[in-house]
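Here is a report on pockets and aromatic rings. Look at the model first, then read on.

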Amino acid sequence: MNLYGSEKIRKMTSSIFQEVVDRKQAAVLKGKDVIDLSIGSPDFPPPSFVVDTLVEYSKDPERYGYTLKGISEFNEAVKYFYQQRYGVELDDENEVLQLMGSQDGLAHLATAIIDPGDYVLVPDPGYPIYEASVTIAGGLIHPMPLLAENKFLPKLNEIPENVLHKTKMMVLSYPGNPVTALADHSFFEEVIQFAKLHNILVVHDFAYSELIYDGNPQISFMSVPGAKEVGVEFNSLSKTFNMAGCRIGYVVGNRQVIDILASFKSHIDYGIFYPIQMAAVAALTSDYSFLQDQVRQYESRRDALVLGLRNSGWQVANSPATMFVWAKIPAGWKSRDFAFELIEQEGIAVVPGDAFGNQGEGYVRIAMVQPPERLTEAAERVNRFMLEHSL
Ligand SMILES: Cc1ncc(COP(=O)(O)O)c(C=O)c1O
């Protein structure tokens, strides 16, 4: 049999991520001690009470059936969490939908909303599923450049009229991946006005809502007046409670959109394992001291990495949020050359910025998924690399 993947799947394949994996493996085979700062999977454990809840319910053989749209306790827990953490009031029956991680919703929403010929505005650089989901749906992509000189916010007035006429949806993420910048209230107000004027659905990805540092405010898009009229917000327990492999997330906001996505999902999955839902309820309704401790731990990692890199002469910007540093590389280098030489020579694995879009060229993404000592060591190796290359 001679079989190829479809045209859509061939468009989606990102060779860069695979190349990072291959080069990492090659370095390990050569005996290098690789410090892997390329993946965005939390290395911290979930809170122990979450694991206990999961174990307890898993022992009950009656909890192994389909759960469909999920249990009402989960929606109530999301409502409580949003009230407590972001001051947002939600109707748990109509404005919350359970997902198998935010990826599930982000991957499927475009297919539920977009017709061929519709444009979706996506951040460039951006988390890859934003673009891939539009490709799956057969829609058109209009990248919105996120540039340092604009504080990594898109310039909405630069989107051409002929695109706007056919735009149905825009995707934003503050703080995001790989760009870790924060947005303020007034930017979200501008987005809401713009969305109303042009009849555009706003999709805000808030997966890093609890990894925000230095006392910066955690602004949910949903907390801005008018947001529910035009948008939805995705969130999950993956990064907040380190449950990335224990798949559970949710989308909140506009009830019409929630209804459409729920109806689409009813065709493709049968819900999440009951014990995972109960573990999520325990996490979302806890006293949140876990979250404060976790922020402090990430802050000390961030400080070890950023200060260490600056000592090596690489003036990376501080990261206000997320588990990443979005680092502008020294002039004269291409992202891939820089990242691949760093793996080969010093065993430091990072992701070249162009993996996230054209505007990612000139950057690398460094994940803070190692303890501070290891990050300090990584910075020392970078120092050696810089000296060798006279940077
Ligand atoms: C910005 C962003 N959104 C969404 C996700 C998906 O996370 P999950 O599906 O685990 O909720 C990730 C995962 O890395 C991410 O970085």
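## Pockets and rings

By class, 13 nonpolar, seven polar and five charged residues make up the lining of the second largest pocket. Ala, Val, Leu, Ile, Met, Phe, Trp, Tyr, Cys and Pro count as nonpolar, Asp, Glu, Lys and Arg as charged, and the others, Gly among them, as polar. The model is predicted: local features need pLDDT of at least 70, side-chain atom pairs count only at pLDDT 80 or more, and totals for chains, interfaces and linings use all residues. Residues are numbered from 1 along each chain as its sequence is written, and side-chain values use heavy atoms, with hydrogens and water left out.

A pocket is an open set of points on a 1 Å grid over the protein atoms alone, where a 1.4 Å probe fits, with protein on both sides within 12 Å along at least five of seven lines; lining residues have an atom within 4 Å of a point. A volume is the space filled by probe spheres set on the points, which are joined across faces, edges and corners.

The second largest pocket has a volume of about 510 Å³. Pro128, Glu131, Ala355, Phe356 and Gly357 are the closest to its centre, out of 25 lining residues. Helix 6 gives the largest share of this lining, four residues. Helices (H or I, at least four residues) are DSSP runs, numbered from the N terminus. Domain 1 (7-45 + 289-386) and domain 2 (48-284) both give residues to the lining of the second largest pocket, so it lies between them. These domain bounds come from an automatic or database domain assignment.

The largest pocket has a volume of about 640 Å³. Its lining has 16 nonpolar, ten polar and five charged residues. Helix 2 supplies the largest share, four residues.

Now the rings. Rings of Phe, Tyr and Trp (its six-membered ring) pair if their centres lie within 6.5 Å; planes over 60 degrees apart count as edge-to-face, under 30 as stacked and the rest as tilted. The count comes to 25 aromatic pairs. Two of them are listed here.

| Pair | Centre to centre | Angle between planes | Type |
|---|---|---|---|
| Tyr57 and Tyr274 | 5.7 Å | 65 degrees | edge-to-face |
| Phe188 and Phe221 | 5.2 Å | 70 degrees | edge-to-face |

Tyr57 lies in helix 3 and Tyr274 in helix 11, so their pair ties together parts that are 217 residues apart in sequence. Phe188 is buried, at 0% relative accessible area. Buried means under 20%, exposed over 50%, and partly exposed in between (1.4 Å probe, protein chains only). Phe221 is also buried, at 0%.

How values were computed: Helix = DSSP H or I, 4+ residues; strand = E, 2+ residues; numbered from the N terminus.
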